[in-house]
Amino acid sequence: MNDQHHPRWSPAAPAAPPAPTAPPGVPAQPRSTPHPHAGHLGTAHPPPGGPQPGGPQHGRPPVAHRSRRDDLLDGVGRWGVMHTRHGDFRLQPVRLARDLALLVSWMNDPVVSAFWELCGPAELTEHHVRTQLDGDGRSVPCLGLLDGTPMSYWELYRADLDPLARHYPARPHDTGLHLLIGPAERRGRGIGGTLIGALAQRVLRERQSARRVVAEPDVRNLPSVRAFLRAGFRYDSELLLPEKHAALMVYERG
């Protein structure tokens, strides 16, 4: 199940409402053409938030990678272990020196690349991840570890600060998810839905300002849509995004 698909702007897309104003001290920032991630336990978007201040694309050296204590998602790396029926799950923020080779191997799996569109040399995946690491913390790329073994890739991002917010009625602190399940033997066993549900609950526990978790898998990515439904998300609506026709999935605080 791969949950992102690279979106491409469609001239048929309806006019989007104005993007929400970012909180004080957080610059509003466009994202590069969205990665169509978001839907296959293996789908994609371009990095949420797109080019961000301090990255090499601005002609300045990249900022030092943070411990994520100062991210805009309340310290994802400190959220701890989630106990599930498939094992103990936790998020580990990506470190490129350690994790790039594994991520590249997953991105070059045809099932994953169908939605993430990062198949190819390591530089493609490195750029996609580094854009987030060098940004202001509105998007945090992580490995998902099950019983200590890396088996999935996740992007948690501030959907209310993302271009996605122009396409649905965003609320302050909406938190978005993109994900993929890496090893083929981990797919199709209900693991994706279990982990999504555990993480959605943990997001709302750790992020008291957030009321909702959202996702936008490609409508064609039925395994991903089903996994979000099993996790307790509701199928809210369909969105004509620049890069894809997406299903807006919403998980609300009870």
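Trainee: Is serine 152 buried or exposed in relative accessibility?

Mentor: In this predicted model, serine 152 is found in strand β6, and its relative accessibility comes to 0%. Since buried means under 20% relative accessible area, the class that applies to serine 152 is buried.

Trainee: With which side chain does the side chain of serine 152 make a polar contact?

Mentor: Leaving aside neighbours within four places in sequence, serine 152 is in contact with residues including Phe89, Trp106, Cys142 and Leu180. The polar contact, however, joins its side chain at 2.7 Å to the side chain of tryptophan 154.

Trainee: Which element gives the most residues to the largest nonpolar core?

Mentor: The largest nonpolar core has 35 residues, of which Trp154, Leu156, Ile196, Leu199 and Phe233 touch the most other members. Several elements each supply at least two residues of this core, among them β4 (87-93), β6 (149-158), α5 (222-230) and β10. The element that gives the most, with 8 residues, is α4.

Trainee: How many residues are in the second, separate core?

Mentor: This second core is separate, and Leu103, Val104, Trp106 and Leu143 are included in it. One of these, Leu143, is also in contact with tryptophan 154, and both Trp106 and Leu143 are in contact with serine 152. The number of residues in the second core is 17.

Trainee: Why is β10 described as largely enclosed by the rest of the structure?

Mentor: Strand β10 covers residues 245-252, and β8 joins it through 4 bridges, the two running antiparallel. On β10 itself, the description holds because the buried residues, out of 8, number 6.

Trainee: Which residue stands opposite alanine 246 in β10?

Mentor: Strand β9 (residues 234-240) pairs with β10 in the antiparallel sense over 6 bridges, and the two strands form a hairpin with 4 residues between them. Within β10, alanine 246 has as its opposite residue leucine 239.

Trainee: What is the relative accessible area of methionine 249?

Mentor: Methionine 249 has its place in strand β10, and beyond its neighbours within four places in sequence it is in contact with residues including Val213, Val225, Phe228, Leu229 and Tyr235. Methionine 249 is classed as buried because its relative accessible area is 0%.

Trainee: How far apart in space are methionine 249 and glycine 232, C-alpha to C-alpha?

Mentor: Along the sequence, methionine 249 and glycine 232 are 17 residues apart. Among the contacts of methionine 249 are Phe233 and Arg234, whereas for glycine 232 the C-alpha to C-alpha distance to methionine 249 is 9.5 Å.

Terms used:
Residues numbered from 1 in each chain as written. Predicted model: local features only at pLDDT ≥ 70, side-chain atom pairs only at ≥ 80, totals over all residues. Heavy atoms only, no water. Buried < 20%, exposed > 50% of the residue type's maximum accessible area, 1.4 Å probe, protein only. Contact = heavy atoms within 4.5 Å. Core = buried A, V, L, I, M, F, W, Y, C linked by side-chain atoms within 4.5 Å. Polar contact = N/O pair within 3.5 Å; in protein donor to acceptor, adjacent residues only side chain to side chain. Pairing = 2+ DSSP bridges.
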